[in-house]
Amino acid sequence: MSSGRSAWGRAKADVELERTRDPAGPIVKGIGPAGFRTDDGTFAALLMTVDAVAAWRPPPLAELSPDHLAPLLAGNPEFVLIGTGGDLSRPPSALVASLEDRGIGVEAMDSRAAARAWGVLRGEGRQIAAALYPLA
């Protein structure tokens with residue numbers, strides 16, 4: 001029995017929700033062979049801040065320095081998530097020491113885990129940044 005009315009006698013209305021961007025800022029919505037899918041496109045490697053996502057051509061992990069992360073550090077994040085690719089690797093100790101001297105923590109994990117952690121931490125309103133290396 002569909003009369004076009006709800007159980008309370010009110011007329012039913014069609015509702016369409018359009019999601020243009022997550023209220024917590026950019027997030028990784030998918031990970032596949034081409035890379036990380038966001039609202040702004042798909043990226044093999046990327047830099048993310050609470051406000052923006054950008055394509056990134058990362059150096060070899062052993063050569064990663066604060067200069068490579070300058071776009072992330074300008075916002076003075078609590079910490080930087082470093083997605084080290086398909087497997088967890090340690091970022092250079094000089095990088096970690098330099099960021100910690102600035103009061104910025106470093107959390108390294110494989111890039112899939114970093115993308116998932118980003119969504120959770122941004123959902124909590126944390127002021128973070130991320131650098132995600134390609135999976136392969």
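Aspartate 39 is partly exposed, with a relative accessible area of 32%; buried means under 20%, exposed over 50%, and partly exposed in between, with a 1.4 Å probe and protein chains only. This is a predicted model: local features need pLDDT of at least 70, side-chain atom pairs count only at pLDDT 80 or more, and totals for chains, interfaces and linings use all residues. Residues are numbered from 1 along each chain as its sequence is written, and side-chain values use heavy atoms, with hydrogens and water left out.

The salt bridges, then. There are two in the structure, a salt bridge being a side-chain nitrogen of Lys or Arg within 4 Å of a carboxyl oxygen of Asp or Glu. Glutamate 78 pairs with arginine 126 at 2.8 Å, N to O. Glutamate 78 is partly exposed at 34%, and arginine 126 is partly exposed at 28%. The other bridge joins aspartate 39 to lysine 29, with the closest N and O atoms 2.5 Å apart. That pair links distant parts of the chain, ten residues apart: aspartate 39 sits in the loop between strand 2 and strand 3 (41-43), and lysine 29 in the segment before strand 1. Helices (H or I, at least four residues) and strands (E, at least two) are DSSP runs, numbered from the N terminus.

Next, threonine 38, in strand 2 (residues 35-38). Buried or exposed, threonine 38? Buried, with a relative accessible area of 7%. Among the residues that threonine 38 touches are Ile27, Phe43 and Val53, leaving aside residues up to four places away in sequence; contact means heavy atoms within 4.5 Å.
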